[in-house]
There are 2 protein chains.
Amino acid sequence: MGLDDRKLAVLRAIVEDYVSTQEPVGSKALVERHQLGVSPATVRNDMAVLEEEGYIRQPHTSAGRVPTDRGYRLFVDRLSRVKPLSPAERRAIERFLVGAVDLDDVVHRTVRLLAQLTRQVAVVQYPSLARSSVRHLELVPISTTRLMLVMIADTGRVEQRLVELPGPVPADDVTDLRRLINEKLAGARLSDTPPLVQALVEEVPPKLRPTMTTLATVLLETLVERHEERIALAGTANLTRGGLLDFQGSLRPILEALEEEVVLLKLIGETEPSTTRVLIGDENEFDNLRAASVVSTGYGPGATIVGGLGVLGPTRMDYPGNIATVRAVARYVGELLAQN
Amino acid sequence: MGLDDRKLAVLRAIVEDYVSTQEPVGSKALVERHQLGVSPATVRNDMAVLEEEGYIRQPHTSAGRVPTDRGYRLFVDRLSRVKPLSPAERRAIERFLVGAVDLDDVVHRTVRLLAQLTRQVAVVQYPSLARSSVRHLELVPISTTRLMLVMIADTGRVEQRLVELPGPVPADDVTDLRRLINEKLAGARLSDTPPLVQALVEEVPPKLRPTMTTLATVLLETLVERHEERIALAGTANLTRGGLLDFQGSLRPILEALEEEVVLLKLIGETEPSTTRVLIGDENEFDNLRAASVVSTGYGPGATIVGGLGVLGPTRMDYPGNIATVRAVARYVGELLAQN
DNA sequence: ACTGGCACTCGCTACAGTCGAGTGCCAGGG
DNA sequence: CCCTGGCACTCGACTGTAGCGAGTGCCAGT
């Protein structure tokens with residue numbers, strides 16, 4: 001399978017033209033728009049090879065060629081350089097993100113920014129609890145038999161749970177519990193808390209034990225085990241750009257997939273390598289998204305990663321541009337988090 | 001404009017048939033499917049009158065009739081009874097809403113439930129801060145010059161803000177401030193706090209005054225004035241039901257509108273009368289939504305209203321059914337809130 | 001006031017014909 | 001051996017025509 005330089009150049013040209021025009025591209029148009037230095041006939045021969053290898057295909061006999069998912073993959077891996085951001089884009093990012101008042105605000109601004117810059121659907125995962133540490137745990141009495149447990153994480157996330165106590169607990173006891181819990185848990189990574197919480201239940205004075213047990217249950221079950229992930233979404237209207245051509249005319253499966261947090265988390269949340277990930281078309285494990293591509297990366301203060309963010313769009317998307325934007329936004333968000 | 005009983009019956013039949021079949025309905029089909037007791041020709045005459053009055057229209061000469069927005073309006077106001085919920089639906093509501101762990105959970109479950117039951121786009125507003133009272137204000141030191149201000153409202157909402165202090169503040173002072181603030185503000189409606197906060201700044205010991213001033217600014221600016229509203233959305237995939245027939249083939253404007261929280265708030269947040277509100281097509285003030293209808297109502301514990309919820313779909317929707325569902329869900333959510 | 005009958009409208013579908021972009025292949029030339 | 005120009009071919013897109021049929025408006029009759 002000799003793919004010499006020219007054939008690769010042809011593939012690159014096809015991808016670029018198709019992405020920008022959204023129309024199958026023919027040999028003549030190709031040699032006109034790119035300086036390939038050869039005739040249409042030669043390009044046709046190259047195209048035949050590329051098609052045989054599965055990088056491009058013809059929608060119908062006698063139409064131009066269109067890249068396949070495999071073609072995009074090759075393009076992304078070997079034929080494109082990450083496009084540097086324009087100064088205007090850099091400015092947009094900074095302007096958009098300064099002045100955020102809290103984590104919610106940061107996440108919302110980020111997701112809208114991403115959607116606006118890439119003109120795709122943007123997805124941002126809130127900092128994962130699993131990767132957060134406890135900054136403070138607050139107990140707020142609601143009634144004598146009810147507490148609100150508020151957990152503030154170092155990433156800025158705040159989670160609250162209503163706790164139904166086994167019996168009335170005087171205010172002084174609540175104060176004691178608050179102190180004990182924070183002494184033990186403050187600073188601990190959430191994933192490390194289970195043994196600490198166990199120890200707490202045992203160390204606590206006997207009269208506080210039932211209450212502490214209840215608190216421990218809530219803490220472990222709803223905050224640690226079922227690690228509650230949150231997701232923000234924006235730019236779904238961008239799915240309708242390009243008429244009905246992308247997504248073969250039906251947004252349905254895409255919209256359905258976007259409603260499933262589990263799916264979105266899988267898409268952008270798997271941040272083992274800190275590099276940018278590109279999923280193209282049927283590389284995706286969800287059938288609903290086999291007509292879509294996802295560009296995602298992790299973000300976090302400094303070198304650590306606390307969550308993921310990315311964009312989703314038609315396989316026919318501007319990969320170099322979107323990769324650049326996703327990376328840049330992730331870096332800015334990371335810096336923002338590092339400040340807090 | 002004599003609209004006798006039979007003409008109204010014809011209009012009702014047209015609306016019902018069109019809603020269920022999505023096809024313009026002709027005189028013959030009408031008499032076949034409904035027991036009108038008259039011939040097609042008579043129905044045609046009635047239709048001519050209805051058309052003249054603007055209640056129905058023909059997409060083209062020689063096609064069946066379709067209700068106009070005005071026709072739907074008449075139908076909703078005078079020709080339909082709220083459809084009682086099926087036992088299955090009642091059960092679905094109860095099953096869906098029990099076991100919610102916190103406000104976020106309640107809201108998320110509610111919005112998904114609504115989307116599922118009505119098969120439309122569902123929108124739920126979080127309890128409005130403007131209508132909430134302060135239950136507790138917590139100050140959590142992040143560093144010596146930074147506090148996290150956490151406000152817990154009686155509706156279960158929890159809002160946090162990072163506060164940059166003018167200078168280092170010792171832990172004891174934070175404790176004092178916390179006590180003072182809560183003594184003054186706990187229990188107050190958020191809309192009543194501005195004078196209280198002012199008073200606080202003046203009453204506080206001089207050494208705490210700069211800090212208190214900063215806190216007051218954050219409190220007033222980000223929690224009271226710019227009353228932060230939150231919205232949850234679900235079921236956008238339902239917009240694609242009925243192919244491209246609804247929304248004249250373009251989901252674009254709808255999706256755009258749904259991304260604007262301001263728009264959504266206007267739609268479901270204006271809850272002056274505690275009754276169910278129905279906005280049909282161009283009754284809507286947003287151009288983007290002139291092809292859509294909205295059914296909304298307020299909800300809250302007991303008789304008070306703390307927020308709104310509703311559904312949005314094509315003007316061709318099952319109004320009686322959706323009105324019933326929206327009301328029922330609102331009532332259940334109200335009960336749920338009353339328990340907490 | 002309702003009904004049956006009738007002519008008319010007009011969107012939809014099928015079909016045939018034309019056009020043209022794009023292709024595959026082949027023979028010839030550097 | 002690779003590239004090129006030429007050529008026949010394919011097939012989707014578009015156009016125009018014709019027939020069908022659902023649905024209508026109107027009118028005369030009961």
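**View 1. Helix 1 of chain B and helix 3 of chain B are roughly perpendicular to each other.** In this predicted model, helix 1 of chain B, which covers residues 5–21, packs with helix 3 of chain B at an angle of about 85°, and their axes are 10 Å apart. Because angles of 65 to 115 degrees count as roughly perpendicular, the pair falls in that class. From helix 1 of chain B the contact draws on Arg6(B), Lys7(B), Val10(B) and Leu11(B), while helix 3 of chain B contributes Val43(B), Asp46(B), Met47(B), Val49(B) and Leu50(B). Divided by class, the residues of this contact are 6 nonpolar and 3 charged, with no polar residue among them.

**View 2. Residues of chain A and chain B surround DNA strand D.** In total 21 residues surround DNA strand D, and the closest are Val38(A), His60(A), Thr61(A), Ser62(A) and Gly26(B). Helix 3 of chain B provides the largest share of the surface near DNA strand D, with 4 residues. Sorted by class, the surface near DNA strand D holds 10 polar, 8 nonpolar and 3 charged residues.

**View 3. A rotation of 180° superposes chain A on chain B.**

**View 4. An open sheet of 3 strands in chain B has the order 4-5-6.** The pairing in this sheet is antiparallel, and its edge strands, each of which pairs on one side only, are strand 4 (134–143) and strand 6 (158–164) of chain B. Neighbouring strands of the sheet are turned against each other by 20° on average, direction ignored. Strand 4 of chain B pairs with strand 5 of chain B, residues 146–153, in the antiparallel sense over 8 bridges, and Val140(B) stands opposite Met148(B) in strand 5 of chain B.

**View 5. Helix 7 of chain B packs on the sheet.** Helix 7 of chain B, made of residues 171–185, touches strand 4 and strand 5 of chain B, and its direction makes about 165° with that of strand 4 of chain B. Helix 9 of chain B, residues 209–225, lies across strand 5 and strand 6 of chain B and runs at about 135° to strand 6 of chain B.

Methods: Residues are numbered from 1 along each chain as its sequence is written. Chains are lettered from A and ligands numbered from 1 in the order in which they are written. This is a predicted model: local features need pLDDT of at least 70, side-chain atom pairs count only at pLDDT 80 or more; totals for chains, interfaces and linings use all residues. A residue is near a molecule or strand if its C-beta atom, placed from the backbone, lies within 6 Å of it. Helices (H or I, at least four residues) and strands (E, at least two) are DSSP runs, numbered from the N terminus. Ala, Val, Leu, Ile, Met, Phe, Trp, Tyr, Cys and Pro count as nonpolar, Asp, Glu, Lys and Arg as charged, and the others, Gly among them, as polar. Copies are superposed by least squares on the C-alpha atoms of residues with pLDDT of at least 70 in both. Axes are lines fitted to C-alpha atoms, for helices over the stretch in contact, and angles run from 0 to 180 degrees between N-to-C directions. Angles under 35 degrees count as roughly parallel, over 145 as roughly antiparallel, 65 to 115 as roughly perpendicular and the rest as oblique. Two residues are in contact if their C-beta atoms, placed from the backbone, lie within 7 Å. Two strands pair if DSSP finds at least two bridges between them.
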